[in-house]
Amino acid sequence: MAPSRDSNVKGESSQVSYKKTINTKTDSIIQNRKHANDIFDVIEYLQSEKEKEIIFATNACSRIFCELLDRGDLYVGVLPKEEDLMHGDRSAEEKYQIFMRHRYNSCVELLLENIGHEAFQVKEASLCALMKFVAAEGKHPLQNLDWSEHYNFPMELMLALVKHLLSEKEDMSLLISRFQEFMEKDDVRYYVMSSVRDNITRVMERNKRAVIPVYQNNVFTLLSTINIPSQASEMTNFIVRQETKHEDWKAARLKEHKRAFEQMWLVFLKYKLPSSMYKKILVILHESILPQMSDPTLMIDFLSAAYDIGGAISLLALNGLFVLIHEHNLDYPDFYKKLYSLLDPTIFHVKYRARFFHLANIFLSSTHLPVYLVAAFVKRLARLSLTAPPTALLIVLPFICNLIRRHPSCKVLIHRPSAAEEPCDDPYVMEEKEPAQCHALESSLWEIKTLQKHYHPDVAKAAMMINEPLSQQEEDISELLELSTFELMERELKAERKTIPLEFDTATGLLKSSREVLGVHFTLD
C-alpha cells in the first residue's frame, strides 16, 4: 500500500524540524555563551535511532567544538570534576571552559562509539569529525604533553581512535580504507603506528595470546595500508605543524618512521596468527614490508615459524628468506636443505605448483652452488618424476636439463659409464634429508631413460633430450608452468595428423572380411 500524502508531509516536516533545531542551537551556542546548555540537545542527537539525524548532529558538533578550540574556550590541563565547580573558587570564564570541555569529552566518546555503528555513513562521518578534532587539538593542545616526545600532537585521542578502528568483533576493513586518506599526513602515520603497536600488545596479552581472527584481520588491513616515504625530503605533509624545533620532532624524521614501522610489524608478527593470514603477509613481504624496515633481517624468526606450517606457506617463507640472504646479507645455511625437503610427490598436484617451480628456478639460478647440492636436486626431481602426471613432467624434464646446463659437472649423471650392462643398486638415498649425504653424484639419471618409454609422446620426446649433447641455451619453462591437463589434450587434438592407410575391404564380422563372407577363396599355385 502506497504511503499517504499526509505521511509524506509529516516525514518532510520532521526532517526540516531536526535540521532547523540543530542549526539554530549550533548558532546560538557559538554566538552566545548564555545558550551553552543547548549543547546537551545537540549531543543527544548523536544517540538517535535515525542515521540522518546522527550524521547531521555529528557535523554540527564538529563545527561547534572546532570553533571553541580555535577560540580557546575549552579548559586546558588536568580537567576538574564537574561536581567541584560548585565548591571551588573559580571565575565564570573558567567554569564555562570546564563545562564545555566536559561536553567535548562526551561528544568524543559518543563519536568513538559511533565508529562501531551498523551504518557506514555514520562511521565515516564520525571518523571525519574525530580527525578534525585531532587537527584542532594539534593547533590548540588540551593537555600538557611531553614536549620532547610528542610536542603538541593529541596522542590520547589517536590512541582511542585506533582502538575503535581495530575492533575485536567487527570487520572494519571498509572504514580503514577510508582512514588511509588521513595517513597520508606524516605525523598522523607516525602516531598511528605507535598507537597500533601499543594496542596489539594490550589486546593480545589480555586474550592470553590466543588467535583473534577478526581483530588480527583488522590490524593487518590497517598495517598493509601504511607506506613510508622513500626520502626524508618527501616528508612535508603534516596535519599539525610545529612552530619550533620541527626538525627534532620524531614524526618529522624518516629514521623514526622506519623504526616505528619495524616495531609495529614485529609486535604483530610475534603472536600466533590465523593460518590464512600467513599467506597474505608473505605475498606482500618482499615488496611492501622489508624495504621499509630499518633492519629487515629481524624478520627471520617470523619466516622460520612460517616455514614450519608447511605447504604453500613454507614456499613463500623461503622466498622471504631468499630476499634476506641476497639483498640483506643474511647468513642462513639451512636454506637449501629446507627447499630440498619440500620436494615430495605432492608438489606436482598442489595449486601452487607453478609458483614453486618459478621460485625454485630463481633459488637455483646461481652458478656458484656446490655440485653435490645441484646433483641432489636433479636426482630427487628425477626420482619423483616416475610417478608424476604428464603436465608436471613437461615442466620437470626441461627444469632438470637447465640445472645440468648451469652446472656441467652434473653431466656425469647422464654419461656415467658402467663396466657391465647389468642391473645394479642405485646409491642415491631418497629418504636422506641432507643433500650432502644422499650420494646423488654417485648415481645416474636412469629415471629419465625410463621416461623415454612414457605413454605420452610429448613426455617421451622431452626425455629424449639427454640422448643428445645439451645446448648452452636454457629452455624457457615459463610458458609450461601453468599448463593444465585440459590444455595438453586440446593441443594434442589440434595437432596435424598424417593420413594413415586403412584396409580396403571393410570387416563385416569379427575377424572376417567381406571376401570371406562371400565365399571367395584364393589359393597359391
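Which residues does Arg103 touch, not counting residues up to four places away in sequence? In this predicted model, Arg103 touches Ile39, Phe40, Ile43, Phe65 and Glu82 once those sequence neighbours are set aside. Arg103 itself has its place in helix α4, which covers residues 92–114. Its relative accessible area is 7%, and because buried means under 20%, Arg103 is counted as buried.

When the neighbours within four places in sequence are left aside, Thr26 is in contact with Val42, Ala60, Arg63 and Ile64. Thr26 can also be compared in position with Cys61, for these two residues are 35 residues apart in sequence, while their C-alpha atoms are 8.0 Å apart in space.

The next stop is a loop, the one between α8, which spans residues 186–206, and α9, and here Lys208 is found. The phi angle of Lys208 is near 55°, which is a positive value in a residue other than glycine. With a relative accessibility of 75%, Lys208 counts as exposed, because exposed means over 50%. Arg209 lies in the loop between α8 and α9 as well, and although Arg209 is not a glycine, its phi is positive, at about 65°. The relative accessible area of Arg209 is 43%, so this residue is described as partly exposed.

Another loop, the one between α19 (457–463) and α20 (485–494), holds Ser478. With a relative accessible area of 43%, Ser478 is partly exposed. From C-alpha to C-alpha, Ser478 and Ile395 are 9.0 Å apart in space, although 83 residues separate them in sequence.

From single residues we can turn to pairs of helices. Two packed helices are described by the angle between their axes and by the distance between those axes. Take helix α9, residues 213–223, and helix α10, residues 254–269, whose axes come within 12 Å and cross at roughly 155°. Since angles over 145 degrees count as roughly antiparallel, α9 is roughly antiparallel to α10. The crossing in which α9 passes α10 is left-handed. On the α9 side, Gln216, Val219, Phe220 and Leu223 take part, and they meet Met264, Trp265 and Phe268 of α10. Sorted by class, the residues of this contact between α9 and α10 are six nonpolar, one polar and no charged.

How do the axes of α11 and α12 cross, and within what distance do they come? They come within 12 Å and cross at roughly 130°, and α11 and α12 are therefore oblique to each other. The crossing of these two helices, α11 and α12, is left-handed. In this pairing, Tyr278, Ile281, Leu282 and Leu285 of α11 meet Phe302, Leu303 and Ala306 of α12. The contact of α11 with α12 has seven nonpolar residues, with no polar and no charged ones.

The other pairing joins α11 with helix α13, residues 311–328, and here the axes come within 9 Å and cross at roughly 30°. That angle makes α11 roughly parallel to α13, because angles under 35 degrees count as roughly parallel. The crossing of α11 and α13 is left-handed. From α11, the contact is made by Ser275, Tyr278, Lys279, Leu282, Val283, Leu285 and His286, and from α13 by Ile313, Leu316, Ala317, Asn319, Gly320 and Val323. By class, the contact of α11 with α13 divides into eight nonpolar residues, four polar ones and one charged.

Of its 525 residues, 46% count as buried. Among the contacts in the chain with a separation of 6 or more, 72% are accounted for by residues 24 or more positions apart. The accessible surface of the chain comes to about 29000 Å², and carbon and sulfur atoms account for 52% of that surface.

Key
Residues are numbered from 1 along each chain as its sequence is written. This is a predicted model: local features need pLDDT of at least 70, side-chain atom pairs count only at pLDDT 80 or more; totals for chains, interfaces and linings use all residues. Side-chain values use heavy atoms; hydrogens and water are left out. Axes are lines fitted to C-alpha atoms, for helices over the stretch in contact, and angles run from 0 to 180 degrees between N-to-C directions. Helices (H or I, at least four residues) and strands (E, at least two) are DSSP runs, numbered from the N terminus. Angles under 35 degrees count as roughly parallel, over 145 as roughly antiparallel, 65 to 115 as roughly perpendicular and the rest as oblique. A crossing is left-handed if the near helix is turned anticlockwise from the far one by less than a right angle, and right-handed if clockwise. Contact means heavy atoms within 4.5 Å. Ala, Val, Leu, Ile, Met, Phe, Trp, Tyr, Cys and Pro count as nonpolar, Asp, Glu, Lys and Arg as charged, and the others, Gly among them, as polar. Buried means under 20% relative accessible area, exposed over 50%, partly exposed in between (1.4 Å probe, protein chains only). Accessible areas come from the Shrake-Rupley method with a 1.4 Å probe; for residues, only the protein chains shown count as cover.
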